[in-house]
Amino acid sequence: MWEEMEAYDNIPGQTKITFLLQAIRDVACAEEVKTMAAVLLRRLLSSSFEEIYPGLTVDMQTAIKTELVTSIQTEASPNIRKKVADIAAELCRNLIDDDGNNQWPELLKFLFDSVNSDNVGLREAALHIFWNFPGIFGNQQQHYMDVIKRMLVQCMQDQDNPQIRTLAARAAASFVLSNEGNAALLKHFSDLLPGILQAVNESCYQGDDSVLKSLVEIADTAPKYLRPNLEATLQLSLKLCADTNLTNMQRQLALEVIVTLSETAAAMLRKHTAIVASSVPQMLAMMVDLEEDEEWAMADELEDDDFDSNAVAGESALDRIACGLGGKIVLPMIKQHIMTMLQNPDWKYRHAGLMALSAIGEGCHQQMEAILNEIVSFVLLFCQDPHPRVRYAACNAIGQMATDFAPTFQKKFHDKVISALLQTMEDQTNPRVQAHAAAALINFTEDCPKSLLVPYLDSLVQHLHVIMAAKLQELVQKGTKLVLEQVVTSIASVADTAEEKFVPYYDLFMPSLKHIVENAVQKELRLLRGKTIECISLIGLAVGKEKFMPDASAVMQLLLKTQTDFNDLEDDDPQISYMISAWARMCKILGKEFQQYLPVVMGPLMKTASIKPEVALLDTQDMENMSEDDGWEFVNLGDQQSFGIKTAGLEEKATACQMLVCYAKELKEGFVEYTEQVVKLMVPLLKFYFHDGVRVAAAESMPLLLECARVRGPEYLTQMWHFMCDALIKAIGTEPDSDVLSEIMHSFAKCIELMGEGCLNNEHFEELGGILKGKLEEHFKNQELRQAKRQDEDYDEGVEETLQDEDENDVYILTKVSDILHSVFSSYKEQVLPWFEQLLQLVVQLICPSRPWADRQWGLCIFDDVVEHCSPSSFKYADYFLRPMLQSLCDTSPEVRQAAAYGVGVMAQYGGDNYRPFCTEALPLLVGVIQSPESKVKENVNATENCISAVGKVMRFRPECANVNEILPHWLSWLPLNEDKEEAVHTFDFLCDLIESNNPIVLGPDNANLPKIFQIIAEGVANESVKSEDACSKRLANVIRQVQGSGGLWTQCVSTLNEKQQKAVQDLLTA
């Protein structure tokens, strides 16, 4: 077979076409040969059209077109006829030119003739072509609109031929989908929907769910099309979902219509709550559809949930509909049902009720939080249920709530929950339940505040140790391992939260854990071994280097041994990702001493980070033979095309990339040997769109790798930066996901700060300018779109919540634009201003009084940077920003006040003489803000401290603008600054200047103010506003030493300090 495939691949394209067409037309050929030839020809045209077709002679091209049409007209076998229609559609798809002209007009004529033909086979072929390629009319579509509509209506009413009705409905759906953005067209075709719905209903009972699948696609892509007939669509979906005569698949697809709409058109669906309320019992009924399974409680392998099962489908639907419509609507609909189910004598109902409770937690978060007390008390009762699978479901609900409602859940219910789970974990006769209780404990401890967990450590550790010992014995005697796998992870999770408080228990666990890693080498114990490796490294990290060190080298040797066998591990071996994460933890524990292990570790790590996923571009025909359970996932690209990716190895790849980031961060110059290969791996991964985590790691790695490479000198560093720079700028322009985008922008800004002036050439600046301009324009456009959505007929508070989230995302990107500009200004200073002018008007727009506060805050921050780094030239833009800045000092939003006050401070310090009048004008405004009664409350304190610092900067750098003697006593009374550490340093610097010059106002008559000054200094040090590495800390220490020499004054000064402040003064003197 392979030789034949290779031989086929080597035939020239033109010969292939001739040969395949002959085979299709050959009456003597067997049907499977013809089918094969048709599939090959269609694939050839879809994958290699550009390489082959334009090179054919015009006669040859005409011959192919004629052959295909003739073949459809004369072919006797419906199956082959359909396959040839697919080829015709594929060829036609490629023959629409860039202006939308269809260069195969004969096919259109054939379509019109065939649809009106008496021959059912031809009508079917015509509809099939239109279904396959609804864009076939090209730029003539508008002209033929009524004809298309008549044709579809006529075929959907064909009383004698159900297959024509079905196909016409699919074609209509296909046409609607391919015009999803054209509101007028959707409206014009809305009267076809009743016919489509009728066809959905009919075809389902003929065992064909293709029209139903089309309806799901419409709900997904063009939900607005359904609005005029939404009630009917929902009624039909509900009816089909409830009909147990249909297959599970069909019932689940019908439910999928409703669930998808809750995601794509939530506001529209919220107006039809009665039907949604009727669909909830359907989902719950599906969740009750469980098998009795005698073996269940003893099973040692967790087979993956059967994804086609009704129970899984019902649970997933509930989860999605709760998230889609929100708890305000869904919880009241479901609460009573769940309560009733939990009282049912049949275990399946109790199980389903608890699983439903787990499923809705995320979507009904706020509403459930209000009644969490009664929910938790009720669920905990089921940990004692007579049926093991109900106890399992109770553990599931607790674990889910521990995650969904953390840390409130932990704070309120730690006592009840920990004891219930520990009790359930003792259920020796039902390992599945034991394991799930351990899993719930992991969820609980992961998000549990340390202080809450510490009192339970003794009891937790004791239980876990007893179970671990028992299960180790079972492993030896029976080979069962399920519970052990979970318990090992529970121990790890407890250690991870308890940190150094775990030290006393270290010796209780470490010997057994090392024993497992040494001896659990069989293939079926791979997961256990991986989890144990994870546990050891987490315990090591928790207890710290000192306690772990005696074991560290032994553990490293164990890991290295696994490592040398690493090349024999299969690609899907779970140990790989555990190993990779364990190495990184060992690196954190050992610090620089880890460097010696890099030669062994890096090989496998790079291998895993370099995994290339299998991908494929498939059309609808190929899709029918692929399924998602072979580990493939598909994205529908529209126009009958899908993109498939095999997801195996993707998570491992992401972990490995994350770990490379960790090494670069921890080892710095110790990692320099590897920077080159890592940079070559990471730069292309900025475009790895299959996994967000990989792109984030690639972005994070860039500035860290530059830091590692610094020791090699400027030339090496510059080469490395040149290798990254283009890719980073392009990624900022093309990254689709806003979370990843913000990481890339942040990294780019860090790189520029690191590399400094000269790191960007003219092309870089040009491209960057264009991209940043685009981001700012998009920011304004998105705000307009959100305003428009607030006018939409479906607007409600649910929509408003979504809009608020989008708004937060947008502002976050704006902060990153500001970061990048900051790095450029601080590196390039005034010479970059001509480049900045292309953005100037957009930034001015940000600070208009009518804009939202976040826009004004970040617009002012950008101008603050211009003043700080680009003065005195910055004054040429003063007309744009000075008035808004001074007005913003009294803004209602503290964030805006803070940005404005910082601006006044940098004007005084860096701005130059031109800014003097503004410093004078700003002073009384600043003092007014500081003295207002609310100025020290939590939300205002940062803005107020910036005002205090700005007053200090005006007195220090522009004393001619202030009546210093009058303001100083007030200014001293406002110190120290506790929240804004950066500004605190400025105030202490100035304070040192004043004391060192023996300023009489500061020191007071006979040094009477010294106790107060002592208090300011001591408070500053105690609050870490002054750090020992700050230059002013030495100066402050000197002030204190001078006083120390004069006995009486010293005693007087120290006596006013509390214990914490006295210790702070001691620390300052000994630093």
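In this predicted model, helix H13 passes helix H14 in a left-handed crossing. The axes of H13, residues 230–242, and H14, residues 248–264, come within 7 Å and cross at roughly 145°. On the H13 side, the contact is made by Leu230, Thr233, Leu234, Ser237, Leu238, Leu240 and Cys241. On the H14 side, the contributors are Arg251, Ala254, Leu255, Val257, Ile258 and Leu261. Sorted by class, the residues of this contact divide into ten nonpolar, two polar and one charged.

Let me place that pair within the whole protein. The protein has 53 helices and three strands. Its C-alpha trace spans about 115 × 80 × 60 Å along the principal axes. Of the 1071 residues, 56% are buried. As for the contacts with a sequence separation of 6 or more, 72% of them join residues 24 or more positions apart.

How many cavities of 30 Å³ or more does the count give? The count comes to four. Which helix gives the most to the lining? H18 does, with five residues. By class, the lining of the largest cavity has ten nonpolar residues, two charged residues and no polar ones.

Next, the backbone. The bond from alanine 406 to proline 407 is cis, with omega near -10°. Proline 407 lies in the loop between helix H22 (388–404) and helix H23 (408–424). Serine 871 and proline 872 are likewise joined by a cis peptide bond, where omega is about 5°. Proline 872 sits in the loop between helix H42 (853–869) and helix H43 (878–888).

There are also positive phi values to report. Aspartate 1006, a residue other than glycine, has a positive phi near 50°. Its place is the loop between helix H49 (1000–1003) and helix H50 (1010–1022). Asparagine 1007, which is not a glycine either, has a positive phi of about 55°, and asparagine 1007 is also in the loop between H49 and H50. Is aspartate 1006 buried or exposed? Aspartate 1006 counts as exposed because its relative accessible area is 79%, where the cut-off for exposed is over 50%. Asparagine 1007, with a relative accessible area of 31%, is partly exposed.

With a relative accessible area of 6%, serine 1033 is buried, since buried means under 20%. Leaving aside neighbours within four places in sequence, serine 1033 is in contact with Val1026, Lys1027, Ser1028 and Leu1068.

Glutamine 1061 is buried, with a relative accessible area of 6%. What does glutamine 1061 touch, not counting residues up to four places away in sequence? Its partners are Gln1015, Ala1018, Glu1019 and Thr1056.

Technical notes
Residues numbered from 1 in each chain as written. Predicted model: local features only at pLDDT ≥ 70, side-chain atom pairs only at ≥ 80, totals over all residues. Heavy atoms only, no water. Axes fitted to C-alpha atoms, helices over the stretch in contact; angles between N-to-C directions. Helix = DSSP H or I, 4+ residues; strand = E, 2+ residues; numbered from the N terminus. Left-handed = near helix turned anticlockwise from the far one by under 90°. Contact = heavy atoms within 4.5 Å. Nonpolar A, V, L, I, M, F, W, Y, C, P; charged D, E, K, R; others polar. 1 Å grid on protein atoms, 1.4 Å probe; cavity = no way out; pocket = protein on both sides within 12 Å on 5 of 7 lines; lining within 4 Å. Points joined across faces, edges and corners; volume = space filled by probe spheres on them. Buried < 20%, exposed > 50% of the residue type's maximum accessible area, 1.4 Å probe, protein only.
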